[in-house]
Amino acid sequence: MTTVNDNTSEYITNSSSSSAGLKSLITVIILICVCISGFISRLFSIIRFESVIHEFDPWFNYRSTVYMTDNGFYNFLNWFDDLAWYPLGRIVGGTVFPGLMVTSGTIHWFFHMINIPIHIREICVFLAPVFSGLTALATYLLTKELWSKRAGLFAAAFIAIAPGYSSRSVAGSYDNEAIAIFALIFTYYLWIRSIKTGSIFWSSCTALSYFYMVSAWGGYVFIINLIPVHVGFLLLLGRYSLRLYVSYSIFYILGLILSMQIPFVGFQPVRTSEHMIAAGIFILLQAYTFFDYLYNKLRYVRNIETIFFNLSIIISIIVFAIVVLLTYTGYIAPWSGRFYSLWDTSYAAKHIPIIISVSEHQPTTWTSFFFDLHLLICLYPVGAWFCVKDLNDERVFILLYAVFASYFAGVMIRLMLTLTPCVCILAAIALSKTLDYYADAESSEMVSNYDDSVSICDEVENDENNQYLDNNAQNIDETDDNDDDQNFLTSNIKIIVVTCIAMMLLLFIVHCTWITATAYSSPSIVLVSYNSDGTRAIVDDYREAYYWLRQNTPEKARIMSWWDYGYQIAGMSNRTVLVDNNTWNNSHIALVGKAMASNETEAYKIMTMLDVDYILVIFGGVIGFSGDDINKFLWMVRIAEGEHPKDIKENNYFNDNKEYRVDKSGSPILFNCLMYKLCYYRFGELYTDSAQPSGFDRTRSVEIGHKNFDLEHVEEAYTSANWIVRIYRVKKLSNRFQAKDALEKLTSSLSEESFEKNDGKGVILNKPHVKKGTKKSMRRT
Amino acid sequence: MGQEQEHLVNTKVERTLDLVSHLPKEIISVTFENRGTKSARYYDYCVEPQHVNDVGYVGAIVRGKNSGDQTNLPIKQETTDKTKGTIYRIELPNDLRSSQTITLEIEVVHINALRLLPTEIVQHERQLVLYKTNAYYYSKYSTQTQKTIVTLPTDRAESYTQAPKPVAKNEQTITYGPYENVAALTRNEISLHYENNNPFLTVNNMKRWIEVSHWGNIAVEETIEMYHSGAKLKGPFSRLDFQRQQNSYSAVKTFKTSLPAAAKDIYYRDEIGNVSTSSVREMHDQVEIEIRPRFPLYGGWNTYYVLGYNVPSYQYLFNKGNQYVLKMRLIDHVYDDQLLEQVTIKIVLPEYVHNIEFYPSMHDTDIKRLRNEKHYTYLDTIGRSVIVITKRNALFQHIQDFEIHYTFDKIMLLHEPMLIIFSLFGLFCFVIILNRLNFSINHEENNEIRIRIKGIWNQLMEHNIKRTSFYQKLDELLNTFKTNKDLKIYNEQRKKFENELKRIEQNFNNLQTKIKADSVETAEKIAEFQQLDAEQRKITQLLCGNTEKLVNGKIKKQAHGDEEQNLRLKIRDINTRISTILNQY
C-alpha cells in the first residue's frame, strides 16, 4: 500500500516524496517503540516472580497446549480428558476454542523446526505480551482508516499500555482474550477496509480474520452482531452502497461457513438466537439490493419509493417473524443464560448463581472505569463527538462499537476488555484533532502555508477520495473557526495547551505503569507478603500442596475441591478432579457444594458415591488471605440449594441475626458442615496472633466458635506451610464385621435406605448375583 | 595364582562400622603378612554370600607409609560363589615378598542393607532400623587378632547381639572383640536394632546433562527424582505438630548440594515452576546450595526437581590445536551420603566434532556406555553428538572425573555466525526481489494509467479544496466589507483571491491537458468541472458587484438580500454538481 502511495505522490509533486519517506520511517519507528513498550510493560510479573502460568483458566489452556504439542492436533481434537469431571470426563476438542492452543502450538512447531528448543511454557507465557504488540498495530491500522495516521499512532500507543487491556494480557495470563483482542481489532480493521473499497479481497480477509477470532474466543459473537448492526444502521441512514452489499454478503457467507468448522461452535451460527441478527440483516440486504435494482429499472413508475419503503418494512417484519417462529418451534435455540444476564443484570443472580459467583461477571463500578482507562475515559466522548460531527460509513461503525461496548462494560466487569480498544481509538481521535489544532506552530505564523497544513491535518489515506469529499464541507467550517481564532490563538497559548496535554499524557503513562505493576501482575498462584522490615516473602503454598499431590498420591486419585481450583489441580497436580472451571455441569458442582455444606456423615455418603480419595480446601485464616473457601462458602451453599433445596438451605448457615459468622455466634449447622471442619481442623490449637486467644482467624478477625473437634471419616493428609491449602484423605470403610455378616448387613441396609443404593460399594456387592443369573439364562436359551 | 594367596595371614584387623547414615560404611584396616615362599600380587577381600548384593563400593588404599600418596588401588571383582560370597581382588602396589607385612585400608559401603523395623511409623515416631552383619572380619585368610567397632547415630539401641563376648557398649559405640585366631571364612551373624533419624534419601533416577559450547560455557543440568527410603509415614500429617513440636524426627526438610566454585546462573525448579525455598552460599572452593523441597519429605514421599548451572569452560576444556580434551566429573555431589540408584549422563559435544573417545575414570568399572545420540539446538544443522552413559548405584565415592578426547576444526566456529549472516542476507534479497516483482493480475499498462489518473484526481481534489476555501474567504471578505465598508482593503484582498483562483484554474487546465492522453473520459469530466467552476466565478462576481452596490447605496437592502439569496442558491446547486462529479470517481 505504501508503495502505491509513493507512486502517486511521485506523480503529483516530486518534492514531497522524500518527506513522505521520512514520515513513513518515523511512523515505523514509533510503531516499533509502541510494540516494544507494550511488550515490556507486561513483564512485571516475570521480573517480580518468574515465568509461570497465572490464575485458573490459563492452567487449562496450558495443559491442553502441552497435550497438543505432545500428541498432535488431531489427537487434541479427539482428546477425552479423564482428569476432569470425574466420573463424566470431558471431550476437550469439542468444548474448547482451539485458537489459542493452535497459535502457540504453531509457534512452538516453527521454533523447533528451525532448531530453537524453546519450551512450550515460555511460548505460552509470552504469547499475550507479543499479541498485545500486534493489537497495537491493528489498532493503528483501524484508527488510520477511521481518522488519520496521527490518531492511529496515538491509539496504538494508548492500547499498548492501557490497563484495561493489560489486565488480561500480562505475561503468563495465557487466556483466550490474549489473542482474541488482536483478532477482534484486526477483523474490524479489515471490515472497515472492505466497506471502504467494496473489494472481494478485503471482505474475504475479514472473514478469515473472523474465523481466527471464532477459533479463539467466545466473544466472536460481538463481531457477528456488531457488523450486522453496522450494516443495518447504514441502511437506515440511507448510506447503502454496492460496496456495502459486496463486503457484507461475502463476509457473512464465508464467515458463516468458516465459523462452523470450529467443533465447539458447530451449528450454533444457524441455530442460536445470538447469530440471528446477522442472518436477518443478510436477508434484508439481499432484499434491499433487489429492490434497489428494480427501483433503478422502474424509475418511471409513480410512487415507487413508497411502495419499496413499505415492501422493505414488510420484508423485515417477515424475517423477524420467521426467526421468532423458528425459535418457538425449537429450530433455533433461544438466548443462553449468559446472554440474558447481559440484558438483565439481576437475571443471573436469580437463576444461575454459578455465573454471578464469579467476580469478573459482576457489574462494573464507576471507579474501575477510571482505574482501567484513566485519562482516556474523559477523552472518549470527545472523540465520539468528533466522529458524530463528521460522520461517514466507517465512523458509524466506531460509534456503534462505542455504544455497545460501553453498555456491556457497564454490565460485566470482564467486558471492560472489549471497551478498551474503542476508548483508545476515540480518545486518540479526540487528542489528535486537538493537537492538530494546537500543536501546529507554522499555521499561525504564515497564512499562506495554511492550506497545506489543513491538508496534512486531514491526512486521510489519499486514495479514499469520497471520504475526502465528505470532509470538504467540514474543512471549510474549520477554516472559518480558525480564521476567527487566529487573532487570539497566539503561539503562547498553543504552547500552554500542548504542555498541558503532554503532562496529562505523562500522568496517564505513570498511572498505567503503576496499575499494571501493582494490580494486574500477580500470578495469583504465588502470593507475596511483606515482612515488618519491608522485605518480600513469597508465599508459595498453592504450588507446595499441588506438587505434594502430584508426587505423593496414587496416580488415579480423585480430588474433590471447589470448582475454582479444578484447572490448577489438573494442571499442576496431574490428578483427577470432580469439577473444574469449565462450569458446564451445574448439578455436578451442586453435588460437590452439597458435600461441602453437609455434615460429615452425609458428606461421606456423597464422597464414597463419587469415589473421592482426597479433599482439598483453601483456607486463609492463618495468614489473612481473603480469597479462601470459607468466604466463598455461601456460594457453594447457594449453588447446592439450587439443585437440592430439600437438603441444603442457605438460611441455616446464618446465625440468628441473619449473619454469616464463624465465631461463637455462628450457626451450629455451619459448625458441623464439612467445609468448616476441614478448614478449622486443629486450628483451635494454633496461636496466630500473640494478642489473641488461640484459634483466631486473621481473615475474618474473629476467634472461631467451634474448636477441638475430631474428624471421623477423613484424616489430614497434608497442610501447606501457611495452612492455605489443606488436603484430607478420605478414609476407606473400616473392617467392622466379618465378611459373611458384612454382605448381609449391607444388603439389608441397602433395602432400608434408598440413598445407599447409589453407594459404590453396595452396587459392586450386588453385581455378582445379577451376572450369574443372566449367564445361566442365556445358556439355557 | 590362587594357590599362592593361601599363604597370606591377617595379623591384625581393625574394623570400624559406621552406621550413622543410611549407608553402613565399613573401614577395615588389615595388616597381613606373606607367610608363603612366593611373593604375592593380590589381596582378596571377601563378602559374605548374604551381603553380596549390598555392596555399593569397595576401595582400598595402602596405609601408613608415605601417607601423601593415597591413590586407590585397582580392584577387580571376581566371580561370585554361592557359599563363599564375592571376592574382590585388590592389586597390591608392589609384590609382597615372603614374610613381609603391609597394611591396607579397605573401605566398603553397603547399600540397602538396613531393614526398617517397623516399616511404617506415625509422624512423631522415631525411625528404627535393623542391621545384620558378621561379628568377625570375613576373610579367606585366617585372622590373628581382630576388633569391630560399631558407631551408632545415637546412643539408643533397641537391642544388639551380645555374643560373641566380649561386647562393650559405650554411648554411641559398641565394640565387638578383640577376638583371637579366627579361622578363614568364619561367620557369626550379629544384629543391631537401633534408632536412625538421619535422612534416608535415595535418588531413584537422575539425569545429568552436560552441554559443551566452544564459546566458553558448559551448561550442566541435573534432573533428579528422589524419595525418602525410610520408614513410611502412617496416618495423617499434621502441619500443626510439624510446626509446633519439632518432633518430626525422620522427615527431611532440607539438604545441601555442592556445586563447582565457578557455578553461576543456578536454577532450581520443577515441573510447575521455580522452587522459591532455597539459598545459595558461595564459598571459596565450592558453591553450596541449600535445597529445600517444596514439602518436607516423610518416609515414602517423593519429589522431583531440576537443578542447573553454568560453568566457564576454561576450567574443564583444554585444547592443543584442533585436539580437545574435556575433563569433568561424571557425577557430582547431590547430597552427603548420596545413593543414586540409576544415573544417566548425557554429554553434548559441539557440532562438527569427530574422533570422539571416551575415557572413564580408572576406578569406574561398572559404567555402561550406550549408543551415541543426536541433539539439535540453536543454529544446528547436522546435530550434535551426545555421549550417553549409564551407571547404577552411584555413591559419594564414585564422584570421579572422566575424559573425552575429540577433534574439532576451529574454522567451524564461524559456522553459526555465518549461518545467521547468510540467512538474513537471503531474506533481505528475497524481500528486495519480491518488491520488484508485480503480482497484480491487472495489465501493467492499465495499472500505470490508473495510477496516473488517480494522481490527477488527487491533485484535482486538492485544488478543489483550495478553490472552495478561497471562495469561502471571498465570501467572508464580502461580509466584512458589508460591515466596515473599507473599500481599499476589500479591493486589495479581492484582487488577491481572484488571482489565486485564476491560478488554480490554470492548474485545472494543465491537469486536463495532462490527462487527455490517458483518458478522454476523465478529461471530459474535468472540462465539465471547469465549466461549473467558471459559472461559479461568474456568480460570485455578480455577488460581489451586488454587494458593492449595496455598500455604495445604489440598491436597497431588501433587493440585495433577495438577489443574494438567489445567487447563493445557484452556488449551492453548482457545489452539489461538482461533488457529484468528484464522487463519480
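A salt bridge is a side-chain nitrogen of Lys or Arg within 4 Å of a carboxyl oxygen of Asp or Glu. A search of the whole structure finds 50 salt bridges over all chains. Helices (H or I, at least four residues) and strands (E, at least two) are DSSP runs, numbered from the N terminus.

This is a predicted model, in which local features need pLDDT of at least 70 and side-chain atom pairs count only at pLDDT 80 or more, while totals for chains, interfaces and linings use all residues. Residues are numbered from 1 along each chain as its sequence is written, chains are lettered from A and ligands numbered from 1 in the order in which they are written, and side-chain values use heavy atoms, with hydrogens and water left out.

The interface between the chains was examined next. Contact (heavy atoms within 4.5 Å) takes in 44 residues of chain A and 50 residues of chain B. The area buried between the two chains is about 4500 Å². Buried area is the accessible area (1.4 Å probe) that two parts lose on being put together, summed over both. Carbon and sulfur atoms give 54% of this area.

Five salt bridges run between chain A and chain B. In one of them, the side chains of Glu544(A) and Arg239(B) meet at 2.8 Å, N to O. Both Glu544(A) and Arg239(B) are buried. Buried means under 20% relative accessible area, exposed over 50%, and partly exposed in between (1.4 Å probe, protein chains only). Glu50(A), Asp540(A), Arg543(A), Asp270(B) and Arg294(B) are linked in a network of salt bridges.

Polar contacts were also counted. Such a contact is a pair of N or O atoms within 3.5 Å; within protein, one must be able to donate a hydrogen and the other to accept it, and residues adjacent in sequence count only if both atoms are side-chain atoms. Between chain A and chain B, 21 residue pairs are in polar contact (both at pLDDT 80 or more). On the side of chain A that touches chain B, the elements giving two or more residues are helix H1 (2–12), helix H26 (465–485), helix H28 (541–552) and strand E10 (714–719). H26(A) gives the largest share, eight residues.

Other salt bridges lie within chain A. Lys632(A) and Asp564(A) meet at 2.6 Å, N to O. Lys632(A) is in helix H32 (residues 629–643), and Asp564(A) is in the loop between strand E5 (558–560) and helix H29 (566–573), 68 residues apart. Both Lys632(A) and Asp564(A) are buried. Arg726(A) and Glu716(A) meet at 3.2 Å, N to O. Arg726(A) is in strand E11 (residues 725–730) and Glu716(A) in strand E10, ten residues apart.

Backbone geometry was then inspected. A cis peptide bond joins Tyr86(A) and Pro87(A), with omega about -5°. Pro87(A) lies in the loop between strand E1 (80–81) and strand E2 (90–91) of chain A. Another cis bond joins Leu117(B) and Pro118(B), with omega about 0°. His374(A) is not a glycine, yet has a positive phi of about 50°. His374(A) sits in the loop between helix H20 (366–373) and helix H21 (375–389) of chain A. His374(A) counts as buried because its relative accessibility is 12%.
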